[in-house]
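I opened my notebook to look up a few things in this structure. Here is what I wrote down, one entry at a time.

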Amino acid sequence: MKLTEKVSKNQYYKIWFKDAWPYITGAVLLSLFQIITFATTGNPWGVSGTLAYWGAWLYELLGGSVEKWYYFSRAGVNATLRNGFLSDPGSMRNLGLIAGALFSVLIASGFKFKKIKSWKQVIAAVCGGLLMGYGARIAAGCNIGAFFSGISSLSLSGWVYAVFLFLGAMVGSKLLVKYFM
Amino acid sequence: MKEVELDCMGEACPIPLVKAQKKLETMDGGDILLVLIDHSCAMKNLPEWARKAGHNVEIEELDDGEWEVVIEKVV
């Protein structure tokens, strides 16, 4: 029997790499890593704020300047911007996120380039992405930074976010069924 | 007893699930619905729902990141 066949039939390979982990395993790990993140970096976990820095660094690389933008003029944000990509824990974490997601899909041999099915999908993805990105910045957090990290640091704002997240999901589901079914 | 194929390749969650639910409503007991998917979370929620609804479910891995969910309708 070839090695790849042997591995794919191994029960531990199936449990650890092939099949999706149970939700409870994910929940425990998320909590654990939230504590580690808070303890080591001094800030709770966030994802989308870092993407705004990536955008700013890319813009500066192309010769632009974000110095005068209100968003980047605030002290804490400006410090992270000036310290650069390699000194930003959020950037390292987001890289890890991408690398980890790629690793998990490759090891489960589930990697596939998916073809775009219709222009509707492209328009919905672009509009959805813009709304999510813009919304996350004016709300000062996404479903990780404002929702998960908010609630886990006992902030009321996280619960307010949860209510509107639910309402948004309801509207989104209706639109999805209306335009994609 | 008939066999119906539902091609959901390239469709993201929860479209494959909703499409399968609607299709299954129009079918009779003993009929087989084959749902082709390439979205890994549909591989979790589609069989989960179908089993809860009392249907017989089998999953076949067609290729890397492609699956066929075979649902036998039970009334």
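**Entry 1: where the chains meet**

I started with polar contacts, and the rule finds seven residue pairs in polar contact across the interface of chain B and chain A, both residues at pLDDT 80 or more. A polar contact is a pair of N or O atoms within 3.5 Å; within protein, one must be able to donate a hydrogen and the other to accept it, and residues adjacent in sequence count only if both atoms are side-chain atoms.

I noted that this is a predicted model, where local features need pLDDT of at least 70 and side-chain atom pairs count only at pLDDT 80 or more, while totals for chains, interfaces and linings use all residues. Residues are numbered from 1 along each chain as its sequence is written, chains are lettered from A and ligands numbered from 1 in the order in which they are written, and side-chain values use heavy atoms, with hydrogens and water left out.

**Entry 2: salt bridges**

Next I looked for salt bridges (a side-chain nitrogen of Lys or Arg within 4 Å of a carboxyl oxygen of Asp or Glu). The rule finds four across the interface of chain B and chain A. I looked up the salt bridge between the side chains of B:Glu61 and A:Lys18, at 2.7 Å from N to O.

**Entry 3: the area between the chains**

I then asked how much area is buried between chain B and chain A. The value is about 1400 Å², with 54% given by carbon and sulfur atoms. Buried area is the accessible area (1.4 Å probe) that two parts lose on being put together, summed over both. On the chain B side, B:Ile15, B:Lys44 and B:Asp64 supply 31% of the area buried against chain A, more than any other three residues.

Helices (H or I, at least four residues) and strands (E, at least two) are DSSP runs, numbered from the N terminus.

I found A:Ser109 in the loop between helix H7 (89-107) and helix H8 (119-138) of chain A. Its phi is near 40 degrees, a positive value in a residue other than glycine. Is A:Leu154 buried or exposed? A:Leu154 is exposed, with a relative accessible area of 79%, and it lies in the loop between helix H9 (143-152) and helix H10 (156-180) of chain A.

Terms used
Buried < 20%, exposed > 50% of the residue type's maximum accessible area, 1.4 Å probe, protein only.
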